[in-house]
Amino acid sequence: MSKKQKKLKQVEEKKQYSYMFLVNRFPSGRNGKVVYIRPEYHERLIRIVQLTREEKTTLYSYIDNILEHHFREFGDDITDYFNERFKPIL
């Protein structure tokens, strides 16, 4: 792969990231649940979201997009893990 092709691929991956995660799909997180995250992660997330001022992505949307991707990507593994450990009562 040439340097030019690698550079184009990197640019595309960066665009994909912003289209996948830095999209405001929900107007507000008011209907969600409260969760606590590490302060250092919170700071990182806030800094990333602040970069999207023009799109006004909320922290709630960003975290929701990350979780949606995680469950889509690892859904089968999570289901298998659960089924291996789930023991029916009867």
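Q: Which elements of the protein chain have the lowest and the highest mean pLDDT?
A: In this predicted model, helix α1 (residues 3–21) has the lowest mean pLDDT, 73, and helix α2 (residues 39–50) has the highest, 93.

Q: And what does the protein chain average?
A: The average pLDDT of the protein chain is 82, and 82% of the residues score at least 70.

Q: At what angle do α2 and α3 pack?
A: Helix α2 and helix α3 (residues 59–85) pack at about 105°, and their axes are 10 Å apart. An angle of 65 to 115 degrees counts as roughly perpendicular, so α2 and α3 are roughly perpendicular to each other.

Q: Which residues make the contact?
A: From α2, the contact involves His42, Leu45, Ile46, Ile48 and Val49; from α3, Leu59, Tyr62, Ile63 and Ile66 take part.

Q: What is the make-up of that contact by class?
A: The contact of α2 with α3 comprises 8 nonpolar residues, 1 polar residue and no charged residues.

Q: Changing topic, how many of the 90 residues count as buried?
A: Of the 90 residues of the protein chain, 10% count as buried. The chain exposes about 8600 Å², with carbon and sulfur atoms supplying 57% of that area.

Terms used: Residues numbered from 1 in each chain as written. Predicted model: local features only at pLDDT ≥ 70, side-chain atom pairs only at ≥ 80, totals over all residues. Heavy atoms only, no water. pLDDT = per-residue confidence, 0-100. Helix = DSSP H or I, 4+ residues; strand = E, 2+ residues; numbered from the N terminus. Axes fitted to C-alpha atoms, helices over the stretch in contact; angles between N-to-C directions. Parallel < 35°, antiparallel > 145°, perpendicular 65-115°, else oblique. Contact = heavy atoms within 4.5 Å. Nonpolar A, V, L, I, M, F, W, Y, C, P; charged D, E, K, R; others polar. Buried < 20%, exposed > 50% of the residue type's maximum accessible area, 1.4 Å probe, protein only. Areas by Shrake-Rupley, 256 points an atom, 1.4 Å probe, with all protein chains shown as cover.
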